[in-house]
Amino acid sequence: MATELSIPDTYPPQRPSASYSSLSELSKPFLIAPSARSYKHQYANIYFVRLVELRPIVEERAGERWRGVRG
C-alpha cells in the first residue's frame, strides 16, 4: 500500500535549515602551535628520491669530465 507524499507548492523550493555544532572542543588537538610548526622535512622524501636517481648519472659524468685529474 503506497502512501502519498505531501509536496509543498512553493517556488523556488526552500531548503530546510539545519543546525550544527562547530565541534571546536574536538578540533583543538589538531591545532599546531606556531612555535612548534616545522616545514623542514616537508619535501625531504622528494629530495631523497631525486638524489638517489641522479647520483649515478652525476658520478658517471664527473668521472668522464675529470678522468685526467689526479687525486
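What does the accessible surface of the protein chain come to, and what share belongs to carbon and sulfur atoms? The accessible surface is about 8,200 Å², with 58% belonging to carbon and sulfur atoms; areas come from the Shrake-Rupley method with a 1.4 Å probe, and for residues only the protein chains shown count as cover. The model is predicted, so local features need pLDDT of at least 70 and side-chain atom pairs count only at pLDDT 80 or more, while totals for chains, interfaces and linings use all residues. Residues are numbered from 1 along each chain as its sequence is written, and side-chain values use heavy atoms, with hydrogens and water left out.

The protein chain has a radius of gyration of 32 Å, whereas a compact globule of 71 residues would have one near 11 Å (taken over C-alpha atoms; the globule rule is 2.2 Å times the number of residues to the power 0.38). The C-alpha trace spans about 95 × 40 × 30 Å along its principal axes. Buried residues make up 0% of the 71 residues (buried is under 20% relative accessible area, exposed over 50%, partly exposed in between, with a 1.4 Å probe and protein chains only).

The protein chain has two helices and zero strands (DSSP runs numbered from the N terminus: helices are H or I with at least four residues, strands E with at least two). Ser 24 lies in helix α1, residues 24-27, and is partly exposed at 38%.

One salt bridge is counted (a side-chain nitrogen of Lys or Arg within 4 Å of a carboxyl oxygen of Asp or Glu). Arg 55 and Glu 59 form this contact at 3.2 Å, N to O. Both residues belong to helix α2, residues 44-65, and being four residues apart they are separated by about one helical turn.
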